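Subject: Structure for your files

Hello,

Here is the structure I said I would pass on. My notes on what turned up in it follow below.

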Amino acid sequence: MKAIRRFSVRPVLPEPLRPLSELARNLRWSWHAETRELFQSADPEGWRAAGGDPLRLLGALSADRLAALSGDRRFRRRLAAAADDLQDYVTGRRWYQEQPAGLPAAVAYFSPEFGITAALPQYSGGLGILAGDHLKAASDLGVPLIGVGLLYRHGYFRQSLSREGWQQEHYPLLDPNELPLTVLREPDGSPSRVTLALPGGRSLLAHIWQAQVGRVPLLLLDSDVEENAPGERDVTDRLYGGGSEHRLLQEMLLGIGGVRAVRAYCRLTGHPDPEVFHTNEGHAGFLGLERIRELTCRGVEFDAALESVRAGAVFTTHTPVPAGIDRFDRELVGRHFGDDGELPGIDAGRILALGLETYPGGEPNLFNMAVMGLRLAQRANGVSVLHGRVSREMFAGLWPGFDADEVPITSVTNGVHAPTWVAPEVFRLGARRVGIGRAEEALSIGGAERWDSVAEISDDDIWQLRRTLREQLVEEVRERLRAAWRERGAGAAELGWIDGVLDPGVLTIGFARRVPSYKRLTLMLRDRDRLMELLLHPEHPVQIVVAGKAHPADDSGKRLVQELVRFADDPRVRHRIVFLPDYGMAMAQKLYPGCDVWLNNPLRPLEACGTSGMKAALNGCLNLSVLDGWWDEWYDPDFGWAIPTADGTGTDEDRRDDLEAAALYELLSQQVTPCFYDRGPGGLPVRWIEMVRRTLATLGPKVLAGRMVREYVEELYGPAAEAQRALNPAAAADLSAWKARVRAGWSGVAVDHVEAVTDSPLNGTAELGSTVSLRVSVRLGELEPSDVEVQAVAGRVDPADRLTAPATFPLKPTGAAGLDGRRLYEGPLTFDRTGPFGYTVRILPAHRLLAGGAEMGLVAVPPEASGDGGVLMR
């Protein structure tokens, strides 16, 4: 029989054990080893059965066991120490509190998914894990962040395999009352909720659930509210599920509803209101529209409100390909806004204009969430240096007339939260050298000086550590593989071979991630005979552990999974290569430390960052990767290998895969395996151990989420807060009026003539260090000199006379406009480098409240025949 109603019955803890509840509900336990060990000691068998989830453990403890723990003085002392430590952690001064004044009082961080812990399954892959690591690192640093997301009742799918190796999806129902969440309540005890207006007079209501991530509150909106109609109740049913309108409603709830949830949380708790709003990918882009609505309700005009909102906004793009961005039909978006939907009183046309692809190469009838995110944020970034460059090229159409290098998208390379991803054995080895306090600081705050002590760890200790972690992975793989085969329908009599799967003494390669085609899960299968030779080599064998999920709607990805699974099922190699279904955080925390080599072979440059290799590196695992994402900027042959890419324009896709697979096999056979198996004195691979040591010492402080969050604070959050404060309603109105005047008058701005004045003719050459005076005649039309900056732009030139890595400097007006309206600007130009050199001039809008000269996308440059050619020193 099926129950007609479900309750979650919580245990009543004896008074001496009451602090266990707070420890279980603050997700700091997920990265704090001492707290996890405390819960484990309460009932080791129950801890394993609960999957390492403290709430589930407490719910399963018997009254007798609770009574025994209450009387256990040693357990109570440990409990008191853990509770005191948590109190110190959430209230004490940390890095952020020691910074100079002027940083934002609070930052709201919006993301469609958050990977905090397997006990709160609200993530699908790298974007969510990155968001979770961002919150954890912000907590460690004391950054006053408020996380905002959605609560998906089915989370992301659980993956299993059919007997034939086809991916199957399962969506278990999650009960928020059984998760580490509390509902936000009004003073009268009723649940706080947000409401969105839908077309036809309908409403979308959502409750606000709160998870506590150390010091950081995470607000999750849940549409499974009784007052909602069935369609609206299902808005937050699944992560990345449903059709276009379903996704649009999810993103409206995340952005618009998320801002309203933040306002409710701050009102009810006294938390400072955010000065900066950070949009993690375009899914939450509608938050800017809600902030505009708030200001227009206070009497601020739309354009002024837009300027104010942009000043305090940061937008992070994670997508290196247009196909990865959510885009909606303009009619669908238009139907949900205006007087019959959300944001009544604001012209729906103004809303649509923020997201439409009205630029060369765009599709004007599509509403692009990333485009809206960029137009609503004064500051934007990619997630690695290479991805920043790719993003500037991808979105260059929004800033016509500017080279891609000048598109105002910077980069902050992702990092990973080391306390979450570093194996306890690795931490203990470091703590023995520098002490627990310094080791914790090294993982959370970073700084190269805290990692230098790795050099003092002996070869024996490093090799024993690697051996221990590999042995643990072998045990984990066998256990998971046995469970996976039972799900595939195998009986116990068929599975005796699993006891011989993997060997703790064999070089172990890991590959685990989502399975879109560009990540090339099956590149290793390109030449199966060659792969078999590597797996079964009599002296230098390798073994490979593979995991990954294809999107439920991606049949091509599922075929890749099946292809890999069928190869791994081959009795000849199944002891050397395995595919583990249902990749998630719990599996990853065993997989990264236990592998010797982490493989990553995407199509360059389609991997925005690729943080899985960072997590592996923190455990002494070496990276073998295509030069994409973070590996492109930090690769060094002293601690890893780069797979050569065949990305020339004349190489077709199949040929490229053949070439790069051959390069992978060659690296493995000629460099990686010999290095691992080349044993010196005492049977140790001395060169390999040194590479592990260099990985830890050199990459360790770079790949930290603490480093990443510090960069966000210093380079983006701080400047955004300053800009937000400067743009009070009056200043925002002045800026919007100035922009309107400049846009209206820009057609009258022109560069008429450029000449270089020198004592001797240049004749196409000049001497290093010599100087000429540039004289530029310009027209400003209705604008004033204070509205613009006239710049000289100079630097090396390529064979097509394009400036590369140019420097800019302002030219100064020499007097009033002439009778013909022309103005003369002058300034010196010094030839400060040898080789092909060139210059040009341009006019840009200039205002003290602009974040940069390219912000408005307006530029005036000389016509082709405006004076001398400007190309010198050939």
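**A buried loop residue**

Leu-618 sits in the loop that runs between α24 (612-617) and β19 (622-626). Please keep in mind throughout that this is a predicted model. Leu-618 has a relative accessibility of 2%, so it counts as buried, the cut-off being under 20%. Thr-420 is 198 residues away from Leu-618 in sequence, yet the two are 11 Å apart in space, C-alpha to C-alpha.

**Domains and core**

The domain assignment lists four entries: domain 1 (17-91), domain 2 (95-415 + 717-726), domain 3 (438-701) and domain 4 (747-845). Between the C-alpha centres of domain 3 and domain 4 there are 54 Å.

The largest nonpolar core has 108 residues, and those touching the most other members are Met-524, Leu-624, Trp-641 and Trp-688. Helix α26 (residues 653-677) gives the most to this core, namely 10 residues. Both domain 2 (95-415 + 717-726) and domain 3 (438-701) are represented in this core, with at least three residues from each.

**Cavities**

How many cavities of 30 Å³ or more does a search of the whole structure find? There are seven.

The largest cavity has a volume of about 250 Å³. It is lined by 20 residues, of which Val-426, Gly-430, Leu-443, Trp-451 and Val-454 are the closest to its centre. Four helices each supply at least two residues of this lining: α17 (424-434), α18 (436-444), α19 (448-451) and α20 (459-487). The most comes from α17, with seven residues. By type, the lining of the largest cavity divides into 16 nonpolar, two polar and two charged residues.

For the second largest cavity, the volume is about 90 Å³. Its lining has 13 residues, and Leu-481, Trp-485, Arg-488, Asp-569 and Phe-579 are the closest to the centre. At least two lining residues each come from α20, α22 (555-568) and β17 (577-580). The lining of the second largest cavity divides into 10 nonpolar, no polar and three charged residues.

**Strands**

Strand β3 (residues 158-161) is joined to strand β4 (residues 167-170) by four bridges, and the two run antiparallel. Within this pair, Gln-159 stands opposite Glu-169 in β4. The two strands form a hairpin with five residues between them, and Gly-165 in the turn has a positive phi of about 90°.

Elsewhere there is an open sheet of four strands in the order β21-β22-β26-β25, with antiparallel pairing. Its edge strands, each pairing on one side only, are β21 (750-757) and β25 (812-813). Strand β22 (residues 771-779) pairs with strand β26 (residues 822-830) in the antiparallel sense, over nine bridges. Opposite Glu-826 in β26 stands Arg-775.

Regards

Note on methods. Residues are numbered from 1 along each chain as its sequence is written. This is a predicted model: local features need pLDDT of at least 70, side-chain atom pairs count only at pLDDT 80 or more; totals for chains, interfaces and linings use all residues. Side-chain values use heavy atoms; hydrogens and water are left out. On a 1 Å grid over the protein atoms alone, a cavity is a set of points where a 1.4 Å probe fits but cannot get out, and a pocket is an open set with protein on both sides within 12 Å along at least five of seven lines; lining residues have an atom within 4 Å of a point. Grid points are joined across faces, edges and corners, and a volume is the space filled by probe spheres set on the points. Ala, Val, Leu, Ile, Met, Phe, Trp, Tyr, Cys and Pro count as nonpolar, Asp, Glu, Lys and Arg as charged, and the others, Gly among them, as polar. Two strands pair if DSSP finds at least two bridges between them. A nonpolar core is a set of buried Ala, Val, Leu, Ile, Met, Phe, Trp, Tyr and Cys residues joined through side-chain atoms within 4.5 Å. Buried means under 20% relative accessible area, exposed over 50%, partly exposed in between (1.4 Å probe, protein chains only). Domain bounds come from an automatic or database domain assignment.
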